Amino acid sequence: MTDVICPLCGKPNPPDLDECMYCQAPLKTGGFIAPPESESELSSSPSTSNKPGEAEQKAPEPSASSDLEQSIPDWLKQTEADFLDLSEVKPEEPSPAELSGQFDSLLSPPSTPPSSKENAIDDDWLASLLDEAGVGKPEPPSLQEQAPEEALKEPEPEPGSEMYEEGANLAVEGSTEEEQLSPTQPAEKPDWLKNLEASSTIKLEGDLFSGEPEPIEPAVNEIPEEKAQDQTPLPDWIAKTGSIEPPPSPQEPAESPIAPAELPNWLEALRPTETVSPSAPVEDLSGADIVTAGPLVGLRGVISAHPSAIRPQKPPTYSIKLRVTDEQQARVEMMKELLANEEKPTPLASRPIITSRNIFRLIVAVVLLLPMVWMIISGSQQASTPQPGNIPGVVDFTQQIQKLPSGAPVLMAFDYEAGFSGELNIAVTNVLIQLMNKSAYLTLVATTPTGPALAESLIKNASSSLVGTSGAYSNYADLGYVPGGTMGLLGLAKSPRSILPYSLESDNVWEGAPLNAIASIKDFSAVIVLTNDPDTARIWIEQAGPLLQEAGTPLLMVTSSQAEPLIRPYFEAKPAQVQGLIAGLAGGLAYGRTVGNLQQNGIWDAFSVGVTVSFLIILIGSIAGVVSKMLAASKKEN
Amino acid sequence: MDQVLSSITNYLGVLFILLCLGLILFYLLSDRGRAKLNLRSIQAFIHFRREVDLAVEAGKRLHISLGRGSINDLQGGSAFIGLTILDRCARAASNSDKPPVTTSGEGVITVLSQDTLRSTYRSLAAEERYDPTNARMTGLTPLAYAAGTMPAIHDEQISTNIFVGHFGTEIALLTEAGERNQSLTVAGSDSIPAQAVIYATSDEPLLGEELYAAGAYLGAGGAHSASLRMQDILRWVLVVAIMVGSILKLLGILS
Amino acid sequence: MKKILPITNAIIAVISGIFVLLGYFFPGVFGGIQSTLIGWAIILAAFALLLGIFNLAMVHWKKIASSKSGNINSMVLLISLVVTILIVSINGPAGSWSLWVFNSFQVPVEVSLLAVLAVILVYAGARLLAHRPKWNTILFLVTVLVVLLGSAPLFFIGEITPLSIVRGWLTQVPAIAGARGLLIGVALGTVATGLRILIGADRPYGG
């Protein structure tokens, strides 16, 4: 079964389809192609009467014939010519005069031989025109025009009566250059020629041969070619037209009732390219539903205009779950692991507890402390205790204490830290004992928070070591802590009553003797400052010193070894701002020797051995450090 | 002559104060718009800036210890310098994960350090980062203060320790703790024994007036640069005065 | 309010500082105001001490509440603080129990820390030259060794008199001279700091 060629896109379609499956153009209707003329209605020559409107319809005929000629390859033309030469009946190549006659025959109805079939002319208007013009029906010996309906009815033409005729497009296009074949029997075309014509993209309307009609395919319009019997004057442009070869009979497949239209070049040029060609469908709509109702009936893949086709319905629910493939999931897990490792705090590498530094530190501690502990335990007394005359300030201190009258009010400032008790307690205890022996009224103050507790503790210890007394020493008043540092000291110096109105036991000690006579710090008999901090000592000297110097009240100090270099210039100044100084362990022992309370508990030997070992450690450590660095540097260089 | 000297002595303090004030105001007003003061390089401040940046990048803390000096004493001056350094450190480390922690051994300094931190974060519009417990008092006595500060050095992931204020010899305990923690120690004190210990135990010591120049080196403001220039001038004035007085004493003019 | 308060703080600080300073130089005129202001400062300093203790307690309480490592030490501290306050409140600051707590805990702990300090200083002196190999360091170490030798008689050797004399000269002349220079510089710095606060250029009080 031969495919039907779509008149629009030119693609083959199955013959049972009504529409082209590519571009949905109707295959069975006229479309662009006029139905083929039947033999009976075929008019051999068109009427020459030019009625209004007819000339327009006739105008395109010359170009159609020329296009038809151009579409026929030259070898085919030659072959046809040879064949016709061999046959009895040759289609005469009309001369220019004959051309005009042929044109006239086109205009007038052709005279058909009784034996030839009459080519039907589809266009009734042409037939009517020809009748009016008095032109007989043409005698298309070889050209036949068949309408699709007549094509169905028409019997197969005799092979011998086949002739080439111009196609029906000549009649449609209004070509005046119609060849009218001689009413003689047209030469029978060979089958291969017919097939060639049938496969041509431009088919003639109707069957030129009175041969096998195609009931389905569009008929090829054929223009009967007949001699112009009635030569009518033709327009010049028709006369100029070249010889028209009898067009080959279209080899129509038996199934194609409608011949495809011959498109002009300019229309061909407008055909869209393949990429956007409407002939090529964007998507395969072969599986789409065909619209069965509405104006778009028969089309595929369109929205049906039928009301029932558009029903409001709930939109389909789509899953919001992300479709993740296994590979993607694996990658997500990998990314999560990477990020989790970034967020995890990297545990710090634990530092080793035992390092060379720690070992060295341990060795230093053991070497330093062990001999000292041994000295204290053994109560060694090998080292000679310091002499008071060799320690500057001790003798003056002793003298100042001895000058104090009995029961004199003495201000004692406990401004040293509890950690320095080991160094200062020897000197402080001896001073307290001396003052207690003189029954001095001790007024205790402190500019450190731990001072009052330290003072109370020392008073109790000192009173227990007094000779010839029972019970604790009570001739004292502990006024407590003086806040505010220098400001508090300045306030104490100017007005101790307002700064410290009560004692630690909440007693108003300023009302009783001897403190009732005290208005300012200079009213005390002596001021003794016990401190380990050189800054504290300097503050006392700078804030209370001027007032004390005015009244001639001695300022005595018991300090640590670290403060002695800074305080000693105040003692050695002239006039001296510090009238007595006991510094460090050596000063305390020297003062103890002075008052006859030398403590022989191995502390001086321990101090001596500690100093010696420290000296050796620093010396050897420094030398060893330098040597090791030099060795390391030389190794690097090597 | 003696009367002149005695009158000078009476008002010497006022004159000295007025001279210092005048110089500060003069340099403060004249240095506005001028280029940055050209200061000699102090290794401690170079390392200080670098370590602050490293601490921020490494996500570690800065530890600023303000000492135990009271603002009621002469030792308060070093405490105020410590507060200035605290302000600069808090600004530099404002975008750090771990804000700086400050310790002190005196109640007033503790309150002031809290106030400094709060105002610094407020000026940076980061008041939510302020935590009052980041400014803490660790002890009332010097050794108690040292004993309370050592755990802060060990436990708070400190990268740099800055000891600026009034310290005694107990600072050796703190610098040793910093060395055990493998953190840098920058230390400065107004106490002479402490400076001797700092020289021996600290990585970057600040001796003498270098401590009081911290504000100018860290860009704390024009007033710090102006006061630094005032100190330079007055130092020469005092040197000349000491030399003149020594000569006069030698000649017997001064009794 | 946020803008007014810093200015008010600055004005109060400046005026108070000026009056106290003038009270030193003109006691007859400004002595009374100075004494009043100093009295207020002493009271505030005492209250600040209590505030510091409260801050200490809060820090360690937070440490316990956050369950960080080392919170057992914080717990011991808080318990000790509470127990000591109770004992001293009941027994009095000069009571036997109060003194027992002081003599049994405070004094031994501080003395031990000072002993550790001595070991640390010796160790630091031993590695100073390796850590900082400079001529200053050599001078420093020589001074340390001379002072050490002159402080006490050497064991098994006895007192070396020349060393004692050298030590005396060293500590009283070059060391004190250097210390005085440092102290003058510190004093200048302190003056500058104080004046910056007096003119309001430096506001450590959060203004």
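The model described here is a predicted one.

Chain A holds 638 residues, and 49% of them are buried. Its secondary structure consists of 21 helices and 10 strands. The accessible surface of chain A amounts to about 30,400 Å², with 58% of that area on carbon and sulfur atoms.

### Chain A against chain B

How many residues of chain A are in contact with chain B? On the chain A side there are 20 residues in contact, and they meet 19 residues of chain B. About 1,600 Å² is buried between chain A and chain B, and carbon and sulfur atoms account for 49% of this area.

The interface of chain A and chain B contains 2 salt bridges. In a salt bridge between these chains, the side chain of R361(A) meets that of E176(B), with 2.5 Å from N to O. Polar contacts across the interface of chain A and chain B link 4 residue pairs, both residues of each pair being at pLDDT 80 or more.

Three elements of chain A each supply at least two residues to the side that touches chain B: helix 12 (356–378), helix 16 (485–494) and helix 18 (534–551). Helix 18 of chain A gives the most, with 5 residues. Sorted by class, the side of chain A that touches chain B has 5 nonpolar, 7 polar and 8 charged residues.

### Chain C against chain B

The contact between chain C and chain B involves 53 residues from chain C and 67 residues from chain B. Chain C and chain B bury about 5,000 Å² between them, 72% of it on carbon and sulfur atoms. Which residues of chain C lose the most area to chain B? They are R132(C), L188(C) and R196(C), which together make up 12% of what the chain C side buries.

Between chain C and chain B there are 3 salt bridges. K62(C) and D131(B) form a salt bridge through their side chains, at 3.3 Å from N to O. Another count for chain C and chain B is that of residue pairs in polar contact, which comes to 11, with both residues at pLDDT 80 or more.

On the side of chain C that touches chain B, the elements giving two or more residues are helix 1 (4–25), helix 2 (27–65), helix 4 (96–126), helix 5 (128–131), helix 6 (135–151) and helix 8 (174–198). Helix 8 of chain C gives the most, with 15 residues. By class, this side of chain C divides into 35 nonpolar, 11 polar and 7 charged residues.

| Residue of chain B | Partner residue | N to O distance |
|---|---|---|
| E176(B) | R361(A) | 2.5 Å |
| D131(B) | K62(C) | 3.3 Å |

### One residue of chain C

P108(C) is located in helix 4 of chain C. Is P108(C) buried or partly exposed? P108(C) counts as partly exposed because its relative accessibility is 33%, and the partly exposed class runs between the buried limit of 20% and the exposed limit of 50%. With neighbours within four places in sequence left aside, P108(C) is in contact with F102(C) and N103(C).

Definitions and conventions. Residues numbered from 1 in each chain as written. Chains lettered and ligands numbered in written order. Predicted model: local features only at pLDDT ≥ 70, side-chain atom pairs only at ≥ 80, totals over all residues. Heavy atoms only, no water. Helix = DSSP H or I, 4+ residues; strand = E, 2+ residues; numbered from the N terminus. Buried < 20%, exposed > 50% of the residue type's maximum accessible area, 1.4 Å probe, protein only. Areas by Shrake-Rupley, 256 points an atom, 1.4 Å probe, with all protein chains shown as cover. Contact = heavy atoms within 4.5 Å. Buried area = accessible area lost by both parts, 1.4 Å probe. Salt bridge = Lys/Arg side-chain N within 4 Å of Asp/Glu carboxyl O. Polar contact = N/O pair within 3.5 Å; in protein donor to acceptor, adjacent residues only side chain to side chain. Nonpolar A, V, L, I, M, F, W, Y, C, P; charged D, E, K, R; others polar.
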